[in-house]
Amino acid sequence: MTTIWARHAQLPDGMAAKVRITIEGDRIRAVGRGEPQPDDISLPLVLPGIANGHSHAFHRALRGRVQDAAGNFWTWRDHMYAAASALTPESYFALAHGVFVEMVTAGFTAVGEFHYLHHGAGGRPYENPNAMGEAVIAAAQAAGIRLTLLDTLYLAGGLGGEGHLPLDPVQERFADKDIATWARRFGDLRDTAGCRIGVAAHSVRAVPREALLQLASVAGPRVIHAHVSEQPAENAACTLVYGQTPTQLLDNSGLLSERFTAVHATHLSRDDIRRMGRARAFICMCPTTERDLADGIGPARDLLDAGARLSIGTDQHVSIDPFIEVRGLEMHERLHSGERGRFTLDELNLAMSHHGYASIGWPDGGLIAPGALADLVAVRRDSVRTVGSRAAQVMFSAAAGDVTDVMIGGEFVVRGGVHRAGDPGALLGKALMKLRGA
């Protein structure tokens, strides 16, 4: 049994002082108040585990290499395809391992990996059809991070005015022959202690309506994610072909529910917002990516007011920093509305932690409460960024570099800012050098 004494800790009812957190196995056994005891581990500020609700690990290969290019999402996508074409199960493990170590060091304790890089060149399945997914699972296990592998259905090359387009040669690595083939491969994946299997539809561009109609029954009780209305062109094409917005199409296909997460949800109509709220769906916004790709500012406040629940993700990993992402929710709203204080501190904390965990299928995480998963993040209050900040407002001043200790499942994975697997920069450097030399 381990007891942590926190000078301040973020509890479900707000920030509290002098908190003792007793941990047994991988769970929090008790939470109380009081002075530290001799055997307690003392930490300055403790937050509940932080969930990264949307990740594409292989996109990390693009950081700092495509930021000066003119264009938009569609031109950036060509660079992403090139990065995908070079990966094998071995090189994907090395890259994803470095990415996940970077995440944990930054304070993320759980991640939803939106996984669609399934097959070999030309779409040929590996001898083990889930070789790429299992490489991601092994990488997360080695990094110590809690994982939901969101195995992604991808069938078409896009959506144009006359319907769905054939696959681009690079996209053949992403696609299964049909939903039945995908379901057989998906059915071979299994939950483990540190990994849960979820479902994703890449987008209404990549999954035709007839497949969307079958997806909910295949998914069963598992969480379902999809990219939704990231770009106006997606909305225009969907409306032209189906006479519905992407949200309406997903809703009419039986996919909107409290287990559904819409990623980005940047360009929604008022009806779309009402539907998301009525379903109690999750919305995973990725502010850094949405800025980087010039996507736009999504209606986060309106979605929350309608009844939807917010979470955050780092998507293409132009930055891996939970504090930047959660601040982005508030700062984007300020730019859009001309007002400050658009979200309460409790709402932002839920987006970072409990709602993020629930969106990727871990509803017992992201809380400092008895019975919850023992996933905790300690943050400095004496750095050049955080010194002088009120404990409850550290999310507005901290950065990933202020994370000192990370506990996942009752075990410290990061101590004193050092991950037990080593320096993420060195791991990533080695993986990227091999990948680019291939």
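In which loop is A399 found? A399 is found in the loop between strand 15 (376-379) and strand 16 (403-408), where helices (H or I, at least four residues) and strands (E, at least two) are DSSP runs, numbered from the N terminus. This is a predicted model, in which local features need pLDDT of at least 70 and side-chain atom pairs count only at pLDDT 80 or more, while totals for chains, interfaces and linings use all residues. Residues are numbered from 1 along each chain as its sequence is written, and side-chain values use heavy atoms, with hydrogens and water left out.

A399 is buried, with a relative accessible area of 17%; here buried means under 20% relative accessible area, exposed means over 50%, and partly exposed lies in between (1.4 Å probe, protein chains only). Between A399 and R146 there are 253 residues in sequence and 21 Å in space, C-alpha to C-alpha.

**Aromatic rings**

A pair of aromatic rings is described by the distance of the centres and the angle of the planes. In this report, rings of Phe, Tyr and Trp (its six-membered ring) pair if their centres lie within 6.5 Å, and planes under 30 degrees apart count as stacked, over 60 as edge-to-face and the rest as tilted. The structure holds 6 aromatic pairs. In one of them, the rings of F58 and Y92 have planes at 75° and centres 6.4 Å apart, so this pair is edge-to-face. Because F58 lies in the loop between strand 5 (50-55) and helix 1 (73-85), and Y92 in helix 2 (residues 89-106), the pair ties together parts that are 34 residues apart in sequence. F58 and Y92 are both buried.

The rings of Y116 and F174 also form a pair, with centres 4.8 Å apart and planes at 80°, so that pair is edge-to-face. It links distant parts of the chain, since Y116 is in the loop between strand 6 (108-115) and helix 3 (131-143) and F174 is in the loop between strand 9 (163-165) and helix 4 (179-187), 58 residues apart. Both Y116 and F174 are buried. Ring pairs link F58, Y92, Y116, Y154 and F174 into a cluster.

**Charges over a ring**

A charge sits over a ring if NZ of Lys or CZ of Arg is within 6 Å of the ring centre and within 35 degrees of the ring normal. The ring of W362 has the charged end of R146 over it, 4.9 Å from its centre, and R196 lies over the face of W362 as well, at 3.7 Å from the ring centre.

**Pockets**

The search runs on a 1 Å grid over the protein atoms alone: a cavity is a set of points where a 1.4 Å probe fits but cannot get out, a pocket is an open set with protein on both sides within 12 Å along at least five of seven lines, and lining residues have an atom within 4 Å of a point. Grid points are joined across faces, edges and corners, and a volume is the space filled by probe spheres set on the points. In the table, Ala, Val, Leu, Ile, Met, Phe, Trp, Tyr, Cys and Pro count as nonpolar, Asp, Glu, Lys and Arg as charged, and the others, Gly among them, as polar.

| Pocket | Volume | Lining by class |
|---|---|---|
| Largest pocket | About 350 Å³ | 8 nonpolar, 5 polar and 4 charged residues |
| Second largest pocket | About 230 Å³ | 7 nonpolar, 3 polar and 3 charged residues |

The largest pocket is lined by 17 residues, and the closest to its centre are G144, I145, R146, A193 and G194. At least two residues of this lining come from each of helix 3, strand 7 (146-153) and strand 17 (411-415), with helix 3 giving the largest share, 3 residues. Domain 1 (2-48 + 368-424) and domain 2 (50-360) each contribute at least three residues to the lining of the largest pocket, the domain bounds coming from an automatic or database domain assignment.

For the second largest pocket, 13 residues form the lining, and E90, A94, K430, A431 and K434 lie nearest its centre. Helix 2 and helix 14 (424-437) are the elements that give two or more residues to this lining.

**Backbone and surface**

K18, in strand 2 (residues 14-24), has a phi near 55°, a positive value in a residue other than glycine. R280, in the loop between helix 8 (270-279) and strand 13 (282-285), has a positive phi of about 60° although R280 is not a glycine. K18 is partly exposed, with a relative accessible area of 37%, and R280 counts as partly exposed at 39% relative accessibility. R184, in helix 4, is exposed, with a relative accessible area of 55%.
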